[in-house]
Amino acid sequence: MQVLTRKEFVTYSRSGRMNVYEPLVSRDDYINVYSEEGFDSVFGNDAQSVITYFIKKYNLTKDDLIKIYDSMGE
């Protein structure tokens with residue numbers, strides 16, 4: 001929690017001997033920041049590497065990929 005506090009994702013106050021944490025950003029905003037940092041450090045900001053990783057990890061078929069693509073709209 002100290003890391004999240006330092007990065008200003010949460011704040012805390014003392015209540016007796018406990019720390020009570022409260023979010024400073026929405027869950028979606030946190031996920032966006034976390035995923036960008038993680039993908040950049042692991043995949044070097046290479047979208048093809050990210051997609052290939054998940055295709056292999058979850059044994060996605062061509063039909064799966066077509067469904068995913070179709071669900072994206074354009």
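Select S26 to begin: at 35% relative accessibility this residue counts as partly exposed, a class that sits between buried (under 20% relative accessible area) and exposed (over 50%), using a 1.4 Å probe and protein chains only. The structure is a predicted model, in which local features need pLDDT of at least 70 and side-chain atom pairs count only at pLDDT 80 or more, while totals for chains, interfaces and linings use all residues. Residues are numbered from 1 along each chain as its sequence is written, and side-chain values use heavy atoms, with hydrogens and water left out.

**Stop 1: around S26**

S26 belongs to the loop between β2 (18-23) and α2 (27-43). Helices here are DSSP runs of H or I with at least four residues, strands are runs of E with at least two, and both are numbered from the N terminus.

**Stop 2: the whole chain**

Zoom out and colour by secondary structure. The protein chain has 4 helices and 2 strands, arranged along the sequence as α-β-β-α-α-α. Its radius of gyration is 18 Å, well over the 11 Å that the globule rule gives for 74 residues, so the chain is more spread out than a compact globule. That radius is taken over C-alpha atoms, and the rule is 2.2 Å times the number of residues to the power 0.38. Along the principal axes, the C-alpha trace spans about 55 × 25 × 20 Å.

Of the 74 residues, 5% count as buried. Among contacts (heavy atoms within 4.5 Å) with a separation of 6 or more, 8% are between residues 24 or more positions apart.

Colour by charge next. The chain carries 9 positive and 12 negative charges, and their mean positions are 12 Å apart. Lys and Arg count as positive and Asp and Glu as negative, with His and the chain ends not counted; each charge is placed at NZ of Lys, CZ of Arg, CG of Asp or CD of Glu.

**Stop 3: the loop between α1 and β1**

K7 is found in the loop between α1 and β1 and is partly exposed, at a relative accessible area of 42%. A distance from K7 to K62 gives 40 Å between C-alpha atoms, for residues 55 apart along the chain.

E8 is in the loop between α1 (2-6) and β1 (10-15), and it counts as exposed at 59% relative accessibility. Its phi is near 65°, a positive value in a residue other than glycine. Most residues other than glycine have a negative phi.

**Stop 4: helix α2**

Select S35, which lies in helix α2 and counts as partly exposed at 24% relative accessibility. S35 and L4 are 31 residues apart along the chain, and their C-alpha atoms are separated by 15 Å.

**Stop 5: the aromatic rings**

Show the side chains of Phe, Tyr and Trp. A search of the whole structure finds 5 aromatic pairs. Rings (for Trp, the six-membered one) pair if their centres lie within 6.5 Å; planes under 30 degrees apart count as stacked, over 60 as edge-to-face and the rest as tilted.

One of these pairs is F43 with Y53, which is tilted, at 5.6 Å centre to centre and 55° between the planes. The pair links distant parts of the chain, with F43 in helix α2 and Y53 in helix α3, 10 residues apart. F43 counts as buried, at 17% relative accessibility, whereas Y53 counts as partly exposed, at 39%.

The rings of F54 and Y58 have centres 6.1 Å apart and planes at 0°, so this pair is stacked. F54 is partly exposed, with a relative accessible area of 30%. Select F43, Y53, F54 and Y58 together: ring pairs link them into a cluster.

**Stop 6: N59 and α4**

N59 lies in the loop between α3 (47-57) and α4 (62-71). N59 has a positive phi of about 50° although it is not a glycine, and it is exposed, at a relative accessible area of 62%.

Finish on α4. Of its 10 residues, the number buried is 0, so α4 lies largely in the open. After α4 comes G73, with a positive phi near 90°.
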